[in-house]
Amino acid sequence: MSTQKSIKLSDYVEYPYLIPKIYLDFDIRNDYVVVQSSMIIKPKLNESSKLILQGNRIKLLSISINGKELNKDDYEINDKELIIDSTPISEFELKIKSQIDPFRNTSLEGLYLSSGMLTTQCEAEGFRSISYHPDRPDVLSKYTVRLEADRTLYPILLSNGNKKYSGYLSNNNLRHEIIWEDPFLKPSYLFALVAGKLNLVSERYTTNSGRLIDIKIYVESGDEKYTKHAINSLKKAMKWDEDKYGLEYDLDEYKIVAVRHFNMGAMENKGLNIFNSKLVLADSKTSTDDELERIESVIAHEYFHNWTGNRITCRDWFQLSLKEGLTVFRDQSFTSDLHSPGLKRIEDVSFLRNFQFIEDKGPTSHAVKPKEYIAIDNFYTTTIYEKGAELIRMLELMLGKERFFKGMNLYIKTFDGSAATTEDFINSLIKGAYLEEKNCPFDVKKFLNWYYKSGTPKVHIDQSWDSKNSILNVSFKQQVDCDKISDNTEMVIPILYSCYSREKELIPIVEDNLFVLDKNNKNLKIKLPGEKEAPVLSIFRGFSSPVVWESDLSINDYLFLFLNDNDYFSRWNSGQFLMREIIKKRLCNNANYSLEDKFIYAIKKSIKSLEVNDPFFLATLLTTPGFAELESLFEKVDPINIYRESLNFQVLIGNKILHQLKILAKNLLVNINHEWPMGKGERKLLGTIWSYLTLTGDKIVKKNCIESISHPSMTIARAALGALKPLDSPETEEASNSFYNIWKENPVVLDSWFAYEASRPNKQGIDVIEKLLSHSKFDWKAPNAIRAVLGGFSKNIELFHSHDGQGYLFMADKLIEVDKINPITASRIVKVFSKWKSYVDKNKEGMYESILRINKANISSNTREVVELILK
Ligand code: BES
Ligand code: ZN
């Protein structure tokens, strides 16, 4: 039984007051900050009731209503709330003066210090650590903010919206003040403030309607040169949202601040985004191609929130996916449009399968729209984000693009300036798309099950070929396991399919077709007039719904699709299936040599057909399945065995295609120096080839890798490091040292070195990890650094999963320490123990002992929630 109280969706009641206006005054002193808030408050029902405000670690100095100071017995105060027993029945002004201490706040929530500058993080419930307030997303107000501070310590003072005034204090010219006004209604979680020594890089953007927007990026001195990529990305995002959705930016300036100490990736505060510095500061010398693409998409994501999240926000945190799933869908579409839709789809599916599917099988599995939670910070999960995005993608597919955009427009028009629910969204999407719901070709109520039910649905597919009439009959059966029990829930599952004739490779005999599977529609008839032989069925093309499936396709069908399918996802998926088969068979001491030979033949053929025109795709096809995916092939997981066999598999392939890989590597060198995004395919392929070749023991390649550590492209340098990683060789050591020496003064790049050191095999054992944690460049207050070392360590399979259980205990002890400083970071990393029940006994027992150790410690409620779920 949980010892903690959960919040339930069914308990939602409207807040009884409106707060149309808030005036906030921050007086920043050397070791505290005085906050004065003045709120215009209107009882919704014109009657007096209890006014409950949230507050966390705030020292109350004074409180008044309509200018009249309240007595001690007019209100109650405890460690979470301030309750005013009765308020006026008509509009009144509540003034609260209080004091907070951001200088000793290590949680990185509310107002806190990062490298000498003050910054905020309010989502989800950080505002209550700044000022007494309802701090719930359905209370929307217009904010005016005055900031006052020392001019030399805090020359830059920022908040949301437009600048209204700035100047020196008339009675003290060492201090200055600035007033910011945000004309848009917003919830408290979008409030932001930054104060410190920052340098500004600015640019302009002109909207389609001709409005000029000032783009302002604030960074620490010396980092100005790394802002170009972020600025370009923002401009692309602004343009894309105008062209695609007709949505323009609404303020005169758009500010982004980069901070080193940040729990998440980035935050969409209205007009003042705050970013983890690793997601702003970048060029091709310091960041890999993957990181550049990631930054482009995160900048876009936060920008897209301005409409899906800020202008229309969430009624409560149960609706989190309303803004996050939708905005991930938007950023995925953006990247897809800018680069390659096929490749982007593979990337997203691979992520979904290796993270969201795993989450959904484990103890922290939950619905996209959950019914209850304990700590909301624990709900920023891949289910809310990536599965949420998949649901919208299914809607886009079933409605068709044109109707989908009509639906989106209606949603935005209807709910602009308000706080909405998931159902509001779905209903207006369908209404906008079809005007009348009865015309919608699928059952909308049934579709909502995707939001309400946890678990990954499974689809069984059986085919039969009617040779007399040339018809392929396909029957589908769906099975939904939610909350770990099978039930009769029916899902609406869109299935994109096509067919290939075995003789006429490459040309599908049926173009992409959509079949929507639900209770009343389970059998598909594909008519293939003139065909004599059963075709090859290509199914779930583009990964048309987030399910797993089992079909009666033969190995030869998969080989056929791997070589011929014109759908990137489907082709890649077939290769992944074959690789998993081979690795699985080997792990069960049942190697299938004929399959291996056929697969290697197919790989050789793919290299020939793709090396020149599509090196990125070729590299993707050559990449082995993710570790988590391999683990899920087994009832009882033996992580060390799986890790070793997956390496053996690469050695096997590497040795069989050695000659081709070497020639290919040479040919690639010509194009690897082009600026991103050009040359990224060649760079990725070269890295993939290096990984195969180092494993085969190729001395020349190892030498090559060492030399490439100083390559001007970070992608190449990191590819070289990566290729040497599994070896634990003198070359690995040398490469790592040389990387460290080049980058030791750049904290963002150094994090990747920390992760590398923590995750690579080594003979000295856990001492290496301990040394990293006490390294002079390691910063305990930076979640990036903690995640690099502890997250890296959890991927160091032989060390973390060592059979003496020492790896697990070490992790437990360190997480207990992290939790004291930063609960949000600890509760995220503690999920490395989620799968304990699925491991073989020796690992299972060790993990269990470690989780118990954390459970016995004095931990935060965030971490406790996760630990209790894992233990259940
Ligand atoms: N709103 C979130 C940031 C956030 C999440 C703040 C949880 C506080 C608690 C932001 O829009 C976001 O989703 N950021 C992601 C990156 C994004 C590209 C998916 C992140 O920070 O990882
Ligand atoms: Zn987001």
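Predicted model: local features only at pLDDT ≥ 70, side-chain atom pairs only at ≥ 80, totals over all residues.
Where is the place of Pro677? Pro677 sits in the loop between α16 (658–668) and α17 (680–695).

Ala124 belongs to the loop between β11 (117–121) and β12 (141–150). Then there's Leu108, in the loop between β9 (92–100) and β10 (110–114). Leu108 isn't a glycine, yet its phi is positive, near 60 degrees.

**Around ligand 1**

Glu123 turns up again here. Ligand 1 is surrounded by 16 residues, and the closest are Glu123, Gly265, Glu268, Glu302 and Tyr385.

| Residue | Atom in the protein | Atom in ligand 1 | Distance |
|---|---|---|---|
| Ala266 | backbone N or O | oxygen | 3.2 Å |
| His301 | polar side-chain atom | oxygen | 3.2 Å |
| Glu324 | side-chain N or O | nitrogen | 2.9 Å |

How much of ligand 1 does the protein cover? On its own, ligand 1 has 510 Å² of accessible area, and the protein covers 91% of that. As for where the shell comes from, β20 (266–267), α2 (289–304) and α3 (320–338) are the elements that supply two or more residues. The biggest giver is α2, which contributes four residues to the shell.

**A pair of helices**

Now for some helix packing. Two packed helices are described by the angle between their axes and by the distance between those axes. Take helix α11 (residues 568–587) and helix α13 (residues 615–622): they pack at an angle of about 30 degrees, and their axes are 9 Å apart. Angles under 35 degrees count as roughly parallel, and α11 and α13 are therefore roughly parallel to each other.

Which residues in α11 and α13 meet? On the α11 side there are Tyr568, Arg571, Trp572, Gln576 and Met579, and they meet Phe617, Thr620, Leu621 and Leu622 of α13. In this contact of α11 with α13, six residues are nonpolar, two are polar and one is charged.

Notes. Residues numbered from 1 in each chain as written. Chains lettered and ligands numbered in written order. Heavy atoms only, no water. Near = heavy atom within 4 Å. Polar contact = N/O pair within 3.5 Å; in protein donor to acceptor, adjacent residues only side chain to side chain. Areas by Shrake-Rupley, 256 points an atom, 1.4 Å probe, with all protein chains shown as cover. Axes fitted to C-alpha atoms, helices over the stretch in contact; angles between N-to-C directions. Parallel < 35°, antiparallel > 145°, perpendicular 65-115°, else oblique. Contact = heavy atoms within 4.5 Å. Nonpolar A, V, L, I, M, F, W, Y, C, P; charged D, E, K, R; others polar.
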